[in-house]
Each structure stands twice: as structure tokens, then as C-alpha cells.
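The structure and its sequence come first.

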Amino acid sequence: MDGERVYVATTVAAGCILGAELSATAATEDLQAAYGVFAQEATQLKADYQPQTVNTDGWEATQAAWKQLFPGVTLLLCFLHTVLAIGQRCRSQATLFKTLMGKLWNIYHATSAAEFMERLQHLQAWAIAQTLPETIVTKILHLSVKAPQFTIAYDFPEAHRTSNMLDRLMNYQNRILFSMQYFHGHQDSANLALRAMAILWNFHPYSRRSQPSPTDTVSPFEQLNGFYYHPNWLRNFLIAASINGRGGGKFNKHTIH
């Protein structure tokens, strides 16, 4: 913002952006404050709200922030980030890249924690027997350290094991931020811009190719909640965003011409 690097603590679920708040640094304290806005708003709706799992990248400050906000949450490490980290080290070697990607995703598709570990050990033995760059071998051997965070996902069959959903929605954020040349005001205005992006995403209708019928206007909001307030997506958005006086707000009627 204004030439200074800042961070956006983004929380997504079920295709919706549930939280997006500016963080001045990527340190635990600032990330906790930023993710804490989502935590506060979630508990306003449900006092005992407690996510069962959360999938994050390997940034320890992010994981620490979530643990402090939700002590009972189970942290799941994104497997995709590991695949990408190893792939980046051999992208110029097409044959090796294809082989390694196949072996890594083969581990990911293991049906149990025991099978996951067995496939990982086979990969590590294969890597040691090959003439691979040391950086790649080191990364593959280091998977043993991360394995407990990967295999714990088998205790939560419906949990996300990669952060693909988050990455897709952050790509949307990134495209808009690039187009507007990022932030030029202050933190409050930047947070308002981030919230505007989030609610527009949540209520925008999917493209016609994704609609079950020509009269449908399914949005991420409807897909998540199973209902809409109005078939017109803009009316639906305005009604939902009015919060009908909740939290001290004042209900306003909307007129669309």
C-alpha cells in the first residue's frame, strides 16, 4: 500500500470468501488480528463457532494465528504447496518433472495414512537411488517431517487437503488489485475495498454455462446456503447485505430501476 508491502488474511469456504482483512506484516500478531475479524464476525452469528479443520500453507505464523483464535482447530498442511515447491526445482527438465509429479500425486491419492507413508518411503528410496539435484532430494526427504500434518487429514475425510479453493479466489483478488494498481489510501479504505470484492464475488451469478437452467441465477451465496432472498442477483445481494438491522445497523429499503 503506497509502495509498502502488506498482506491480506483471506478465509474461504464452500466457494465463498468469508474473510479478507489487511495485515501490515506476515507476523503472527498482525495475522491474528487480521484473521480475528473473521473469527469475531463468525462468533457474532454463532457464539460457539469452532471450525473443525483449516487447510493452510506452511507459513508458521498463519498456523499460529489460527491456533490462537481457534484452539480446538486441527491444522492441515496443503499438499499442493509441496508439489509446487518440488516441481519448481525441476521445471526445466521435462521428463524428471513429469515423473516426479506423477509420483507425488500418487502419494496424495493414497487411501489411508499407512498407504500414504508406504508410498512416501518408496519415493524417498527411489530419489536416493537416482542422480537427482541435491535440492530435490532434500525436499523429498524433508517430506517425512511434514508427513504427520499430511496424514492427519485421513481422520477428517471431508476436509480439504489442498488450498486450491483459496488459491482460485485469491487469484480473483489479485486480478482486481492489479487492475486498480493496489491500495492508495489508508488501511480502513483498503479493508472496505477488500470487503467489497468479497461480497461481490459471493453474490455474483455464475456464468450461463454453469447454470442448471436458463432461468437460474446460482451464486456462491446460494450454493453455500441453499436459498436466495430474490431471484434477481442484485436484489438478492442488497437484501442480504442490508443485514436487516442486525448488529445495530439500520434496515434500508432498496429500489432498483
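A residue is called buried under 20% relative accessible area, exposed over 50%, and partly exposed in between. The model is predicted. A search of the whole structure gives 3 salt bridges and 0 disulfides.

**Salt bridges**
- Arg195 and Glu41 pair through their side chains, at 2.9 Å from N to O. Arg195 is partly exposed at 36% relative accessibility, and Glu41 is partly exposed at 28%.
- Arg119 and Glu115 form a salt bridge at 3.1 Å, N to O. The two are 4 residues apart in helix α5 (residues 113–129), about one helical turn. Arg119 has a relative accessible area of 23%, and Glu115 has 24% relative accessibility.
- Lys46 and Asp48 form a salt bridge with their closest N and O atoms 2.7 Å apart. Asp48 is exposed at 55%, whereas Lys46 is partly exposed at 45%.

- Cys16 is in no disulfide, as its nearest cysteine sulfur, in Cys78, is 20 Å away. Cys16 is buried, at 3% relative accessible area.
- For Cys78, the closest cysteine sulfur is that of Cys90, at 18 Å, which is too far for a bond. Cys78 is buried at 1% relative accessibility.

**Asn236**
- Asn236 sits in helix α10 (residues 233–241) and is buried, with 3% relative accessible area.
- The Asn236 side chain reaches the backbone nitrogen of Tyr229 at 2.8 Å.
- Beyond four places in sequence, the residues that Asn236 touches include Phe203, Phe221 and Tyr228.

Definitions and conventions: Residues are numbered from 1 along each chain as its sequence is written. This is a predicted model: local features need pLDDT of at least 70, side-chain atom pairs count only at pLDDT 80 or more; totals for chains, interfaces and linings use all residues. Side-chain values use heavy atoms; hydrogens and water are left out. A disulfide is a pair of cysteine sulfur atoms within 2.5 Å. Buried means under 20% relative accessible area, exposed over 50%, partly exposed in between (1.4 Å probe, protein chains only). A polar contact is a pair of N or O atoms within 3.5 Å; within protein, one must be able to donate a hydrogen and the other to accept it, and residues adjacent in sequence count only if both atoms are side-chain atoms. Contact means heavy atoms within 4.5 Å. A salt bridge is a side-chain nitrogen of Lys or Arg within 4 Å of a carboxyl oxygen of Asp or Glu.
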